[in-house]
Amino acid sequence: MNMPFNDRFLKACRGEATDHVPVWYMRQAGRSQPEYRKIKEKYSLFEITHQPELCAYVTKLPVDQYNNDAAVLYKDIMTPLPAMGVDVEIKSGIGPVISNPVRSMRDIEALGELHPKEDVPYIFDTISLLEKQLNVPLIGFSGAPFTLASYMIEGGPSKNYHHTKAFMHAKPEAWNLLMNKLADMTIVYINAQIEAGAKAIQIFDSWVGALNAADYRRFVKPVMHRIFTELQRKDVPFIMFGVGAGHLMQEWNDLPIDVMGLDWRTSIGEARQAGVHKALQGNLDPSLLLAPWEKIEEQVKPILDEGIKNDAYIFNLGHGVFPEVDPQVLKRLTAFVHDYTKQAKESN
């Protein structure tokens, strides 16, 4: 017998009342799970995503184990880039490494277009499988143009984004072309995920916090506004997330998005006091998951107390789950958030 569909996450995205605060975790699929690590002994990330049955299993596993209110599709923000001509490899302990970094207008003009159903069909086969298997919403996602461009220009992860920022200012015409090519890719990629069955979308602009607000407004915000405006035709919630991006809250508040994801540097209360009217998602520091349970609970309660002042709230971490986290801690945390917020809502 199929379980009824749990739509608490979608309701919270829309600011509707729920009986408890919904929970999901960025990078909940994989990494810290022993079942996943066993799979990774045999297959790489890209090899897993190319096998829909295996990828669906990895995506669904944390929902089954933790009782989370949403699943997030197991894949990487780099997944669509090879189809555009980007030679990317996910290296263990490093992250995405690109052997043909962007250095000129010519490099950008040489980038191809993404044809989702032809170039990455396995993604949509996985989504179709999950639509039949899940009783919670599936979150699809894409990297945002700035974050993707930073990898493409730097050639891999960066601590300072020197090359990216210099390129932005020194070659604004080339930068704008790159942003718009990546925006076109993002739009068709996200549309295809929604058509396949994704019920919500998160855009990861993971490293955009490296920019100041003026540069964000000039070099990034116009293309983000275009992406979300075009995608608004789809009746699904859109979430924006970045690390160290609290100074960009006002810029994101202007975008046609439904949910703003916060990292641990900016509290839920601070966002509300700053006039953010979107639904909010976050934002326990994931490092605290290694602390004793009483310390975790001590830090989670004030986050929840702020969050439940408004129905438009989803509990998450301020960044992704990392490999050292005990899955039993995540299971216990989910149950605690559900129980604590249900009691709080019933007493109000």
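## Salt bridges around Glu-251

Lys-221 and Glu-251 form a salt bridge, with the closest N and O atoms 2.9 Å apart. This pair joins distant parts of the chain: Lys-221 lies in helix H12 (residues 221-231) and Glu-251 in helix H13, 30 residues apart. Both ends are hidden: Lys-221 is buried, and so is Glu-251. The model is predicted.

Glu-251 has a further partner. Glu-251 also forms a salt bridge with Arg-217, where the closest N and O atoms are 2.7 Å apart. Here too, distant parts of the chain are linked: Glu-251 sits in helix H13 (residues 249-253), Arg-217 in helix H11 (residues 213-219), and 34 residues separate them. What is the burial state of each end? Glu-251 counts as buried because its relative accessibility is 8%, under the 20% cut-off. Arg-217 is partly exposed, with a relative accessible area of 42%.

These contacts belong to a network of salt bridges that links Arg-217, Lys-221, Glu-251 and Asp-254.

Another pair lies elsewhere in the chain. Asp-19 forms a salt bridge with Arg-8, the closest N and O atoms being 2.6 Å apart. Asp-19 is in the loop between helix H1 (8-13) and helix H2 (34-40), while Arg-8 is in helix H1, eleven residues away. Asp-19 is partly exposed at 36% relative accessibility. Arg-8 is partly exposed as well, at 24% relative accessible area.

| Salt bridge | Closest N and O atoms |
|---|---|
| Asp-19 and Arg-8 | 2.6 Å |
| Glu-251 and Arg-217 | 2.7 Å |
| Lys-221 and Glu-251 | 2.9 Å |

In total, the model has 13 salt bridges.

Methods. Residues numbered from 1 in each chain as written. Predicted model: local features only at pLDDT ≥ 70, side-chain atom pairs only at ≥ 80, totals over all residues. Heavy atoms only, no water. Salt bridge = Lys/Arg side-chain N within 4 Å of Asp/Glu carboxyl O. Helix = DSSP H or I, 4+ residues; strand = E, 2+ residues; numbered from the N terminus. Buried < 20%, exposed > 50% of the residue type's maximum accessible area, 1.4 Å probe, protein only.
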